[in-house]
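Here are my notes on how the two chains meet. Please read them with the model open.

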2 protein chains.
Amino acid sequence: MDDDVSAVDRLQAVPLYHQIFLQLREEITSGARAFGSRMPTEQELAESFSVSRITARRAMDELAQTHLVERKRRVGTHVIFQPPAKPIEGSIEQALDSLISFGRSTQVKILEMDKVPARPPVSEALQIPNGTPVFRVVRVRWLDGLPLSYIISYIPVALGIEMTRAALKTTPMLSLLEQAGIKIGAATQTISASLADATLANVLAVDIGSPILRVNRTVMDIDKRPVQHILARFRPDRYQIRLDLHSANSR
Amino acid sequence: MDDDVSAVDRLQAVPLYHQIFLQLREEITSGARAFGSRMPTEQELAESFSVSRITARRAMDELAQTHLVERKRRVGTHVIFQPPAKPIEGSIEQALDSLISFGRSTQVKILEMDKVPARPPVSEALQIPNGTPVFRVVRVRWLDGLPLSYIISYIPVALGIEMTRAALKTTPMLSLLEQAGIKIGAATQTISASLADATLANVLAVDIGSPILRVNRTVMDIDKRPVQHILARFRPDRYQIRLDLHSANSR
């Protein structure tokens, strides 16, 4: 799972600098690193990924070559990629209903549950310092006896939510958040496509290289504090996102 | 382009019955054929795809085996697949802004433009009889000198919109619809993932088998009459869908 690694994977055949490039490119094109925002220095990048400065520089070189960032003397490196489309806006209340009913109408299998230190891009999505403890829960959702989605969720431990396998077996995670008194106010989602790697192929019962529908979502409370970050991967033959657009007046 | 064929492609290596199965599965899982709705009979299916009744039956067999439809004596065949998630709802006004500004901020290249008789699933999406003439426009959008999306659009000729290459070169298609007096009132979208076939690989400059972000969209006027059906295919490394959810009150 490329998105699950907070650092780089030294055992992969992909060169380290290219792994860093891929992660930063994802952060830029998904809007997590906005147009005009400052990129980390090579030194900062080398530290956060625990790689040499030469490796960090090669990753930045690749970003500059693909016109995602621009380097200027004294000013530093900034994002120059502008997403071609503005985000589409929807109602959080209605989306929560949809997500919770999805949770209730499918079966869940909890593969992993542990406390881990948050690393970028998770720490950035949750707006917490690198290393802050978070619950990490890995689940698979099933429908009619077939796997549908593979979901990795991160929730700051500091929120004080009791995250148990028993509770997660019966209750959608967003309901657990609400039961703990968190008032959900907003969410940002990035929807994209990727290919099944060996892990996904195995848990979703598809061939390696099959198409995968990707959703990265950050849920915020009514004070705009991030409370959950989710990486969800769906089998597109079993799940598609329906987005209905109406006039605001006619709803 | 599997979605572009209204009938089956006899030159493909994929067996005819399986091509029909794939198309019907797409229509069912995308919600175009709703839970509980009646499926065509084998005879109707054989006619609309111009295949033998045996081929039609094998396609229906495959649908029944994958629990998408149920066959009952005397009652006929009905869709038993229920999409696990309700559609997310968004504002059409804001989405139109986003789509039109996407059109204006990218370059367009018109690959094909012709009048064709509408076939299912296009005729079904546009709610017009099989064979009704529609404009079919195939475009590629570019950004920063690289292809971003491949779009096939269908617009009923009866709407009386003057669809010219010159107009489409400079004006987003939705703007042309609005300029022709059509008041856009709603849209339904299905977002999914697939793999690049030879056509997509060629026009989007990616390898065959690369991941592709798929959007099928039907745009309706304020009287709920479908006015445009679009199949859009995006390079996920160059375009992702951002969906921001807010409280309806705070917007």
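1. Two strands pair if DSSP finds at least two bridges between them. Helices (H or I, at least four residues) and strands (E, at least two) are DSSP runs, numbered from the N terminus. On that basis, β10(A) runs parallel to strand β3 (residues 88-91) of chain B, and four bridges join them. A:L243 stands opposite B:I88 in β3(B).

2. The model is predicted: local features need pLDDT of at least 70, side-chain atom pairs count only at pLDDT 80 or more, and totals for chains, interfaces and linings use all residues. Residues are numbered from 1 along each chain as its sequence is written, chains are lettered from A and ligands numbered from 1 in the order written, and side-chain values use heavy atoms, leaving out hydrogens and water.

3. Contact (heavy atoms within 4.5 Å) involves 57 residues from chain A and 57 residues from chain B. The chains bury about 5,600 Å² between them, 53% of it on carbon and sulfur atoms. Buried area is the accessible area (1.4 Å probe) that two parts lose on being put together, summed over both.

4. The rule finds two salt bridges across the interface of chain A and chain B. It asks for a side-chain nitrogen of Lys or Arg within 4 Å of a carboxyl oxygen of Asp or Glu. A:R25 forms a salt bridge with B:D237, with the closest N and O atoms 3.9 Å apart.

5. Which elements of chain A each supply at least two residues of the side that touches chain B? They are α1 (16-29), β3 (88-91), α4 (92-105), β7 (184-195), β8 (211-221) and β10 (241-246). The largest share, 11 residues, comes from β7(A).
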